[in-house]
Amino acid sequence: MLNRRHIRVKVMQTLYAFKGGESDDFSKDQKFLLFSIDNMYNLYLLMISLLLEVQKRAESDLVKKQNKYLATKEDKDPNRKFVNNEVLNLLQENYQLKNQLEVHNINNWQLDDEYVEVIFKAITSSELYEEYMKTRVSDFKEDKEFIVDVFKDIIAPNEKLYEYLEDKNLTWLDDLPTVNTTILKLLRKVKPSSAETHFTPKLYKDLDDKQFAIDLFKKTLLNRTAVNKEIEDKTQNWDSDRIANIDYVLLQMAISEIKHFTSIPVKVTINEYLEIAKEYSTPKSSVFINGILDKLVKEYEEAGKLNKIGRGLM
């Protein structure tokens, strides 16, 4: 689920909040970093479980109408196409997903069911739903396309849901695009015979990614004094007060990565931090950061200080 850029963003946020020095104990901050990354999986479970709760809400709506004192013919014999959606049924029957929801104690929608109602009404009042419900039967392909469109066009961009997530956990807003993209990929790839683990993806691609987060955090902190000196030497004509704090953090990380992560190509490192700067810092930050890194890399190359292993890593 996680990619390296998202890991870098998480490290950046933790370093930005860190107020100590190189000699201080930063074990608590490292734990916070890993907790912040792990909490992204809770967001994934929260968002995927919303589909389950909406299906339950649709079922209860049909039962309520059937039990009305003056139930109409349509109430007594409703169109069950939505509640019988094969993709939603796969989710409901997925033991691995149920287990993860219990393990991570994901019960938000039972406590905050008004947001399930918001999404349910948004779906049932949409043209997408109206078109889907014109018939009473469907195949797996149609069911899947409908759920993909519902998630993409109705759930993911819902402003009230966005505000709810912001209130619950501010860091989730940075995680949300990655989580939503992951869910859409899983929905698009699901098959009637998909494995139980299909909807319980790994948070890290492999153990190397988790270690990368820890190493990047620690190496950046442990080399801050030396790295700051290099940055200051290259920004003598800049007013330090005018350099955004986030730019300092990004430069510290980028320089540490260039110098200490021998298997990551220099171009990859620079491009990653430029993209992060465009999203999280000032409009001119990427140009500023690129200029500093370009000068430093040339100096490292001339001094033979770039220790990169493998072909094409320069």
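# Briefing: core, salt bridges and helix packing

Ile-289 sits in helix α16, which spans residues 285-303; helices (H or I, at least four residues) and strands (E, at least two) are DSSP runs numbered from the N terminus. The model is a predicted one, in which local features need pLDDT of at least 70 and side-chain atom pairs count only at pLDDT 80 or more, while totals for chains, interfaces and linings use all residues. Residue numbers start from 1 along each chain as its sequence is written, and side-chain values use heavy atoms, with hydrogens and water left out.

**Ile-289**

- Ile-289 is buried, at a relative accessible area of 0%; buried means under 20% relative accessible area, exposed means over 50%, and partly exposed lies in between (1.4 Å probe, protein chains only).
- Residues up to four places away in sequence aside, Ile-289 touches Asp-247, Leu-250, Leu-251, Leu-274 and Ala-277, where contact means heavy atoms within 4.5 Å.
- From Ile-289 to His-198 the C-alpha to C-alpha separation is 40 Å, and the two are 91 residues apart in sequence.

**Nonpolar core**

- The largest nonpolar core has 98 residues, and Tyr-44, Met-47 and Phe-82 touch the most other members; such a core is a set of buried Ala, Val, Leu, Ile, Met, Phe, Trp, Tyr and Cys residues joined through side-chain atoms within 4.5 Å.
- Helix α2 (residues 27-66) supplies the largest share of this core, with 17 residues.
- Beyond its neighbours within four places in sequence, Met-47 contacts Phe-151, Ile-155, Leu-161, Leu-165, Leu-176, Val-179, Asn-180 and Ile-183.

**Salt bridges**

- The count of salt bridges is 20, each being a side-chain nitrogen of Lys or Arg within 4 Å of a carboxyl oxygen of Asp or Glu.
- Arg-5 pairs with Glu-272 in a salt bridge whose closest N and O atoms are 2.9 Å apart. Arg-5 belongs to helix α1 (residues 4-17) and Glu-272 to helix α15 (residues 266-280), so this pair ties together parts that are 267 residues apart in sequence.
- Arg-5 is partly exposed, at 34% relative accessibility, whereas Glu-272 is buried, at 13%.
- Arg-8 and Glu-257 form a salt bridge through their side chains, at 2.7 Å from N to O. With Arg-8 in helix α1 and Glu-257 in helix α14 (residues 245-260), the pair ties together parts that are 249 residues apart in sequence.
- Glu-117 and Arg-57 meet in a salt bridge of 2.5 Å, N to O. This pair links helix α7 (residues 113-124), which holds Glu-117, to helix α2, which holds Arg-57, and so ties together parts 60 residues apart in sequence.
- Glu-117 is partly exposed, with 23% relative accessibility.

**Packing of α1 on α14**

- Helices α1 and α14 pack at about 125 degrees with their axes 10 Å apart; axes are lines fitted to C-alpha atoms, for helices over the stretch in contact, and angles run from 0 to 180 degrees between N-to-C directions.
- α1 and α14 are therefore oblique to each other, given that angles under 35 degrees count as roughly parallel, over 145 as roughly antiparallel, 65 to 115 as roughly perpendicular and the rest as oblique.
- The contact is made by Arg-8, Val-11, Met-12, Leu-15 and Tyr-16 of α1, together with Asn-245, Ile-246, Val-249, Leu-250, Met-253 and Glu-257 of α14.
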